[in-house]
Amino acid sequence: MILQALANYYEILIADDESKIARHGYSKTGINFAIELSHDGELLEIHPQTAGSNPNKARYITVPEQTRRSGKSPRPYFLCDKSAYVLGIAGKDDEKPDFSRKCFEAFRDFNKELLSKANCDEAEAVIRFLDSYDPRKFEKNPVLARNRDIIFKKASPVFVFMVEGNFVHKNDEVRRAWDEYYN
């Protein structure tokens, strides 16, 4: 009876956006921005994600697990990461010019591999974005140029992807692909 009550409480906690408890294989992570894509993989908008009325506080959501990074080679996360990985740009690019390029390449390759196993439009949209996006042309993209100040205002902003207002990492097919990889 106590174990059943604890199991029920665990389910309540993982369903609660305010809780820091996540299901096995997932993490509660603070995100700053959502990258809105069209089904063709075109960057439509950057949406700030904040907690309540505080524009400086990240919104915590459940994303595929993010463990601590260590080592010299970039280790990307799935569909949720810092700007160096997702967009290939970071504040430390002046000090280490190849840092963001290597991070983006690792992110692109890892995410394309996993997303290719998800049979859905949302996964295809992110793959198209990753195939067509060039970090060296960041300033030429009107959406990124318009949002440059808010993106770089944060120390290490964290991004997720959306297609038609829905988080890509919450799509059932994408979750299935992640769960298969993780397990």
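Me: Is E164 buried or exposed?
Reply: The general idea is a cut-off: a residue counts as exposed when its relative accessible area is over 50%. In this predicted model, E164 has a relative accessible area of 57%, so E164 is exposed.

Me: Where is E164 found?
Reply: E164 sits in the loop that links β7 (158–163) and β8 (166–167).

Me: What is said of the phi of E164?
Reply: The phi of E164 is positive, about 50 degrees, although E164 is not a glycine.

Me: Is L79 buried or exposed?
Reply: Buried means under 20% relative accessible area. L79 has 1%, so L79 is buried.

Me: Where does I61 lie, and is I61 buried or exposed?
Reply: I61 is part of strand β5. Its relative accessible area is 5%, which is why I61 is buried.

Me: Which residues is I61 in contact with, leaving aside neighbours within four places in sequence?
Reply: Contact here means heavy atoms within 4.5 Å. By that reading I61 is in contact with S27, K28, T29, I31, V160, F167 and H169.

Me: What can be read for T62?
Reply: T62 is also placed in strand β5, which covers residues 54–64. Its relative accessibility is 17%, so T62 counts as buried. Apart from residues up to four places away in sequence, T62 touches A22, Y26, S27, K28 and H169.

Me: Which side chain does the side chain of T62 join in a polar contact?
Reply: A polar contact is a pair of N or O atoms within 3.5 Å. In this case the side chains of T62 and K28 are joined by one of 3.5 Å.

Me: Which side chain makes a polar contact with the side chain of R146?
Reply: The partner is the side chain of E45, at 2.8 Å. Leaving aside neighbours within four places in sequence, R146 is in contact with L44 and E45.

Me: Where is R146 found, and is R146 buried or exposed?
Reply: R146 belongs to helix α5, residues 142–146. With a relative accessible area of 52%, R146 is exposed. R146 and I46 are 100 residues apart along the chain, while 9.4 Å separates their C-alpha atoms.

Me: At what angle do the axes of helix α3 and helix α4 cross?
Reply: The axes of α3 (residues 99–115) and α4 (residues 121–132) cross at roughly 150 degrees and come within 10 Å. Angles over 145 degrees count as roughly antiparallel. Therefore α3 is roughly antiparallel to α4. The crossing in which α3 passes α4 is left-handed.

Me: Which residues of α3 and α4 meet?
Reply: From α3 come F104, F107, R108, N111, K112 and L115; from α4 come A123, V126, I127, L130 and D131.

Me: How many residues of that contact are nonpolar, polar and charged?
Reply: The contact of α3 with α4 divides into 7 nonpolar, 1 polar and 3 charged residues.

Conventions: Residues numbered from 1 in each chain as written. Predicted model: local features only at pLDDT ≥ 70, side-chain atom pairs only at ≥ 80, totals over all residues. Heavy atoms only, no water. Axes fitted to C-alpha atoms, helices over the stretch in contact; angles between N-to-C directions. Helix = DSSP H or I, 4+ residues; strand = E, 2+ residues; numbered from the N terminus. Parallel < 35°, antiparallel > 145°, perpendicular 65-115°, else oblique. Left-handed = near helix turned anticlockwise from the far one by under 90°. Nonpolar A, V, L, I, M, F, W, Y, C, P; charged D, E, K, R; others polar. Buried < 20%, exposed > 50% of the residue type's maximum accessible area, 1.4 Å probe, protein only. Polar contact = N/O pair within 3.5 Å; in protein donor to acceptor, adjacent residues only side chain to side chain.
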